[in-house]
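Here are my notes for a colleague opening this entry for the first time. Please read them with the model in view.

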Amino acid sequence: MSTIARKCFHHMQNLKVANLPLALLEKGQNRVIDASLTLIREKAKLKGEVMRALGGVVATPSLLGVPLGHNSSFIQGSAFAPPRIREAIWCGSTNSTTEEGKDLRDPRVLTDVGDVPIQEIQDCGVDDDRLMNVISEAVKLVMEEDPLRPLVLGGDHSISFPVVRAVSEKLGGPIDILHFDAHPDLYHDFEGNYYSHASTFARIMEGGYARRLVQVGIRSITADVHEQVKKFGVELYEMRTFSRSLPVLENLKLGEGAKGVYISIDVDCLDPAFAPGVSHLEPGGLSFRDVLNILQNLQGDVVGGDVVEYNPQRDTADNMTAMVTAKLVRELAAKISNDESPASSYLL
């Protein structure tokens, strides 16, 4: 959270203990939240109507930015990522075609409903409990407009909890999760923060929102978290044994008996040589091609995903990590998108 936002937040919190009716503050906060969700609702409705009018579209990934970074435990800055990722997606240094040959200019392949205005909501003194609910509600607004599926741009990894919760609740049951990361993010409440980015998958597993959790790229894990892995039955693929696991990982089949597959990519799953613009540099990570091979070979119906923890303030001068992150988003969009309609002009 920025210094200005933190001061405003504390100011609003102080008003709660002043001689002001709590109902007055909550009513005002509710108005801001409703207004914040209105644009997302209406944009999602428009994009959904267009997809349905085209006909034959089974699944269209829709970008939804969640610029939340205050649950980072070390260096903050991931809240600034969504606009930088979008800029890199459409950067003129590359074309708009994914490796599978899908053109991102086609709205059936990728569309966008904008950002959840996290900063503006926080400025009104809204706490994390309600903020997480707002994120979940935004995701559900996207999913209400079939065939749109959420492709969320973080932000720190704490956003995955409300996103996965929304996807699971909307689909009516647990989903399978493929999670790329240097860290398991399974602490019960890291440094006392229930919503820490290091605890997001503990929240997901406690809530029963995931049937299977497959974690790939792990190379920083404590004894306490190993106990959490056992407790939740997590399928852990650590980097120290990665070469032996590769045949399995490149032939993953997920989603059978679940409501679908969700993919969460923390950019620090990659070795810092490929992605230096992250808050937690963990050497010995995945190559970019490792991630793409696993992603592209995955068998399963991908119902949503997120790409998180890119920190523009730690990036190189030529925005190398922004381009890497954008490529991850592009290829994840290609994995999610599915249509049987004839070629169309670029509408949105």
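Predicted model: local features only at pLDDT ≥ 70, side-chain atom pairs only at ≥ 80, totals over all residues.

1. Aromatic pairs. The count is 4 aromatic pairs. Start with Phe161 and Tyr195. Their ring centres are 6.3 Å apart and their planes meet at 25 degrees, so this pair is stacked. Phe161 belongs to helix H6 (residues 160-171), while Tyr195 sits in the loop between strand S4 (175-180) and helix H7 (200-206), so the pair ties together parts 34 residues apart in sequence. Both residues are buried.

2. A neighbouring pair. Tyr194 and Tyr195 have ring centres 5.0 Å apart. Their planes lie at 80 degrees, so this pair is edge-to-face. Is Tyr194 buried or partly exposed? Tyr194 has 40% relative accessibility, so it counts as partly exposed. Tyr195 has 13%, under the 20% limit, and therefore counts as buried.

3. The cluster and a charge. Phe161, Tyr194, Tyr195 and Tyr209 make up one aromatic cluster. Arg203 lies over the face of Tyr194, at 4.0 Å from the ring centre.

4. Helix H5, length. H5 covers residues 128-143, which is 16 residues. At 1.5 Å a residue it should span 22 Å, and its end C-alpha atoms are 23 Å apart, which agrees. At the start of H5, a side-chain oxygen of Asp127 comes to within 3.3 Å of the backbone nitrogen of Asp129.

5. Helix H5, packing. Its buried residues include Leu131, Met132, Val134, Ile135, Ala138, Val139, Leu141 and Val142. Asp128 and Ser136 are also among the buried residues of H5. What do the buried residues of H5 pack against? The partners are helix H2 (22-54), strand S1 (57-66), strand S2 (111-115), helix H4 (118-122), strand S3 (148-154) and H6.

6. Helix H6, length and cover. H6 has 12 residues and reaches 16 Å from its first C-alpha to its last, close to the 16 Å expected at 1.5 Å a residue. How many of its 12 residues are buried? The number is 9, and H6 is mostly covered. The buried residues are Ser160, Phe161, Pro162, Val163, Val164, Arg165, Ala166, Val167 and Ser168. Note that Arg165 is on that list. The cover includes H5, S3, S4, H7, strand S7 (261-266) and strand S8 (302-308). Gly172 follows H6, with a positive phi near 85 degrees.

7. Cis peptide bonds. Most peptide bonds are trans. Please check two places here. Asp146 and Pro147 are joined by a cis peptide bond, with omega about 15 degrees. Pro147 is in the loop between H5 and S3. The bond from Gly154 to Gly155 is also cis, with omega near 10 degrees. Gly155 is in the loop between S3 and H6.

8. Positive phi. Most residues other than glycine have a negative phi. Glu191 is not a glycine, yet its phi is positive, about 55 degrees. Glu191 lies in the loop between S4 and H7. At 63% relative accessibility, Glu191 counts as exposed. Asn319 also has a positive phi, near 60 degrees. Where is Asn319 found? Asn319 is in the loop between S8 and helix H11 (320-336). Its relative accessible area is 29%, so Asn319 is partly exposed.

Technical notes:
Residues numbered from 1 in each chain as written. Heavy atoms only, no water. Phe/Tyr/Trp six-rings, centres within 6.5 Å; stacked < 30°, edge-to-face > 60°. Helix = DSSP H or I, 4+ residues; strand = E, 2+ residues; numbered from the N terminus. Buried < 20%, exposed > 50% of the residue type's maximum accessible area, 1.4 Å probe, protein only. Lys NZ or Arg CZ within 6 Å of the ring centre and 35° of its normal. Expected span 1.5 Å × (residues − 1). Contact = heavy atoms within 4.5 Å. Polar contact = N/O pair within 3.5 Å; in protein donor to acceptor, adjacent residues only side chain to side chain.
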